[in-house]
Amino acid sequence: MTTASEPLPLARPRRDPLLGVAIVAVALVYVRALAFTPIEARQGPAQKILYIHASAAFIALYVAFALMAVCSILYLWLKDEKLDRVAESAAEVGLTFTTVVLLTGPLWGKTIWGAWWTWDARLTSTLFLWFLIVAYSLLRGAVEERGRRARYSAVLGILAALLVPFIHLSVYLFRTLHPMPILLKPSAPSMPAEMQVTFFSAFSAFLLLFAALLRARYRIATLRDLVASREEHAG
Amino acid sequence: MTPDNAGFATAAYTLAALVYGAYIVSLKVRERRLRERLARLESPARPASNRPAGA
Amino acid sequence: MTEPRVANPPGTLAASWIVARKDLAIEFRTRTAFLSALVFALLGVTIFYFAWDATAVSAADLAPGVLWVIFTFAGLLGLQRSFGSELADRAIDGLLGAPISREAIYLGKALANLVFVGGILVVTIPAVVLFYNLPMGEGIGALAGIAALAAIGLVAVGTLFSAMAVNTRMAELLLPMLSLPFFVPIVMGAAQSSARLMAGRPIAEAWPWLRILVAFDIVFVTACTLAFPYTLDE
Amino acid sequence: MTATPVVHAEGLIRSFSGRRVVDSVSFTLRGGDCLALFGPNGAGKTTLLRLVAGLLAPAQGTVQVNGVSIREGAAARAQVGLVSHASMLYGALTVRENVELAARLYGLADPSAAAHAALALMKVDDRADAFARTLSRGLQQRVSIARAMVHQPRLLLCDEPYTGLDDAGSAALTAVLTERREAGAALLLVTHNLTEGLALATQAAIMRRGRFVRHEARELLDPGAYQSQYRELAAVHD
C-alpha cells in the first residue's frame, strides 16, 4: 500500500457550490412561502407549515431512509465501502430531516387538531423512524472495526426498513387521524395552483438541500476513514 | 373565519431553519477538523523520511 | 489409526438442536439468569398493580398491557446474556469452525432463547390472570397461541441484536436501543388481541392483530436467519 | 499419497479497518507436512490461522482443504482442527460435555467414545467430570487440544499450542501431533519458540507485517543460522 507520496488536495479546505445553491434555493422558498403565497382560509397562516413539514417528511422517509436501506442491501452483497458511507450519510442527513418533521409537526397539529401530539399512524411511524436512525447512529459509534461496523449497520438498516411498514400498519389499525395526503389524491386536487407551485418548489429546494448535505457528509466519511488509515500507518 | 396563528408558522419556519443551519455548521466544523488532522499527519512526515513509518 | 472416525456432519436442523441443547444445559446449570428474569417479571406485575387506580381503570383493561410490556423487558434480560457464554473463551469459534451452517447456530441460539422466554411466560401469564382476577376460561388456549407468536417474534429479532450488541462497546445499552422499536408491533399485536380475549370478545375481533403477529414472525424469522451470518466476524 | 494437497492457500489477503494484516500469503501442505510459522507479535499469524480455518473470509485469495474451498463447504471444515489462544470451552459445561459437544457438531457416530478417547490421549480423562472453568490454564489447554482432535482432523492448525502445558502435557501433545502426521494429516504450527517449531517442521516460514518474508523446506536450513536471521528479521521495528 502506498501511504505517503501523493499530494494532498484533500487537506485543503474547499468551497461547496452545491451547498451554496441549495441554501439560496431554500431561502427563496422561505420568502415565497411566507410572503407571496396566499393564506389558506380555513387553517390560517399555520397551513404554510405544510411546505416545509411535508417536504421534509417525504424526503426523510422515501429518499434518505430508502437510500440507507438500499445501500445496506447492496453493501452486504458487494462489500464496497463506498456504499456503507452513503448509507451512513443518508442516515445522518435523514435524521436531520426527521427532526425537522417532528418539530414542525406538533406546531401544525396544535393549530388543526388542537393537540401537540396525536398517536396517528404517520406521526408515530416518523417518531420510530427517528428512534431507529438514532439507534443506527449509536450502533455505528459503538463498533470499532470498520468492516464489522459496516456489516452491523447494514443489517440494522435492512431490518429497520422491514420494520417501518409493520409499525405503520399496527398504528393505523390502532387509530388514525392524520389528514389524508390531499396532493396525491387524483380525484380532488384541492390545493390552489399558487400553493401547489410553492409546495413543489419547496420540495425541490429541500431535495437539493438533501443532496448537498449528503454529499458533504459523504466527504466527511471519506476523510475520516482516510485519516484513520493514515494514523494507523503512522503508528 | 381565518384563525390567526401566524406565530405557529413563524415558529415552525424558524425551528426548521435552526435545525438545518446547525447541521450545516456541524458538517463544516467536522470537515475542517478532519482536514486539519490530515494536514498535520502529512506535513511532519514528509521531510523526516523517505520510508513511511509502519505500525 | 489411519482412517478418520466415521463422521456425518449434522444438517441444519440437527445442528441447531445440538446448539440449543448446549445452551439449555448451560442455562440449567447456572439458572441465575432465568430466575432473575422470572422474579423481575413477577415484581413488575405487582408494581404495575399499585401504579394504577382500580376505580378508574378496570383490571381487564390494564392486564394485557402490563403482561406484554413486562414480558418484553424480561425477555431483554434473557437475550442480554445469550452470547456471553460464546465470547468468554471464544467458544463461538468452536461452533464456527465446525461443519455446521451459520444459520444453524442462529436457529439453535434462538431456540434456546425461545425456551427461556417461554418459561417466563408460563409463569407470568397465570400470575397476571390471578393477580388481576381475570375471568379466563377457554380463552387461555388462544392466549397461549398469542404468547407463542409474540415470543417467536421477540426472540427472532432479539437473538440477532444480541449477537451484534455483545461485540460492541456499551452492549447493555445497545440491545434495548436496537430491539425495543422492533418490539412495538409485537407488543401492540399481542396486547390488542389478548385484550379482546380477556374482555370475552370473540376471537374474530382479534384476527387483524393476529395477522400482524404472524406476518411479523414470518418476515423477521426469515430476515434474521439470513442476516445472522453477516453479524459474525467474517 | 493422493495428488490433492491437504491444504492449499493461494494469495490470501485480509485487512482490518483498511490495514492489511495478511498480505498475499500462499502455501501448500501435503499429508505428513508440518509448516512451522514464526513471527513477532502482530505479524498476522493468528489472522492467517483464522483464514485457513474458515473463521474469517479473505478479501482475496482462496483456501482449499482436500480440494474443497473452506468458505464453501462444511465438508472442508470437517477436516480441520483448530487450537487457538482462547480455550474455546464453555466454562459452565464439564470437560466431557465440552468435547462431546464438538464430537456431535462433527457428526461422529459415537460422541462419548470419541470424547473419551481424545481426553485419554491428552491425559485429562481423569478430570472428565470437572467443570471446564475450574481447571487450571494448562489443563484447559489439554482439553482444548482434545477438543480440536476429537474428529481426527486431516489438517491441524495450532496457535502456540505448547503455551501453559507442563512436561507431561507437552509430551502428550507432541505424541498426538506425531501420531496425526503419521496418519496423513498436515500441521500448521504457529510459535515463537524456534527450537520447538523446527523439531517438528518440514517447512518453516517467518511472517512479518502480514507477509511470508522467508519460506523454505526444513532440510534446506541450518537451525543455528536461522535463529540469528530470525532475530534480525523480528527485531526490525516496523
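Tutor: Before we start, a helix here is a DSSP run of H or I with at least four residues, a strand is a run of E with at least two, and both are numbered from the N terminus. With that, the elements of chain A run α-α-α-α-α-α from the N terminus on. The model is predicted: local features need pLDDT of at least 70, side-chain atom pairs count only at pLDDT 80 or more, and totals for chains, interfaces and linings use all residues. Residues are numbered from 1 along each chain as its sequence is written, while chains are lettered from A and ligands numbered from 1 in the order in which they are written.

Student: How many helices and strands does chain A have?

Tutor: Chain A comes to 6 helices and 0 strands. As for burial, 44% of its 235 residues are buried, meaning that 20 or more other C-beta atoms lie within 10 Å of a residue's own C-beta, placed from the backbone (12 or fewer is exposed, in between is partly exposed).

Student: Which pair of chains shares the most contacts?

Tutor: Chains A and B do, out of 5 pairs of chains in contact. A contact needs two C-beta atoms, placed from the backbone, within 7 Å. Chain B and chain C have no contact joining them, and their closest C-alpha atoms lie 23 Å apart.

Student: What makes up the contact between chain A and chain D?

Tutor: 8 residues of chain A touch 5 residues of chain D. On the chain A side, helix H5 (146–174) and helix H6 (193–234) each supply at least two residues. H6(A) gives the most, with 4 residues.

Student: Why are H7(C) and H8(C) called roughly antiparallel?

Tutor: Check the angle: helix H7 (residues 139–165) and helix H8 (residues 171–198) of chain C pack at about 165 degrees, with axes 9 Å apart. The cut-offs are under 35 degrees for roughly parallel, over 145 for roughly antiparallel, 65 to 115 for roughly perpendicular, and oblique for the rest. H7(C) and H8(C) are therefore roughly antiparallel. Their contact includes Leu143(C) and Phe161(C) of H7(C), and Phe182(C) and Phe183(C) of H8(C). By class, the contact has 17 nonpolar, 7 polar and no charged residues.

Student: And why are H1(C) and H3(D) roughly antiparallel to each other?

Tutor: Helix H1 (residues 12–30) of chain C packs against helix H3 (residues 95–105) of chain D at about 165 degrees, with axes 10 Å apart. That makes H1(C) and H3(D) roughly antiparallel too. Ala15(C), Ile18(C), Lys22(C) and Ala25(C) meet Glu97(D), Leu101(D), Arg104(D) and Leu105(D) there.

Student: How do you know that the span of H5(D) agrees with its 13 residues?

Tutor: The expected span is 1.5 Å times one less than the number of residues. For helix H5 (residues 137–149) of chain D that gives 18 Å, and its end C-alpha atoms are 18 Å apart, so the two agree.

Student: Why is H5(D) said to be largely enclosed by the rest of the structure?

Tutor: Because 11 of its 13 residues are buried. Among them are Leu139(D), Val143(D), Ile145(D) and Met149(D).

Student: What covers the buried residues of H5(D)?

Tutor: The cover includes helix H5 (91–97) of chain C, along with strand E6 (80–83), H3, helix H4 (111–121) and helix H6 (167–182) of chain D.

Technical notes. Axes fitted to C-alpha atoms, helices over the stretch in contact; angles between N-to-C directions. Nonpolar A, V, L, I, M, F, W, Y, C, P; charged D, E, K, R; others polar.
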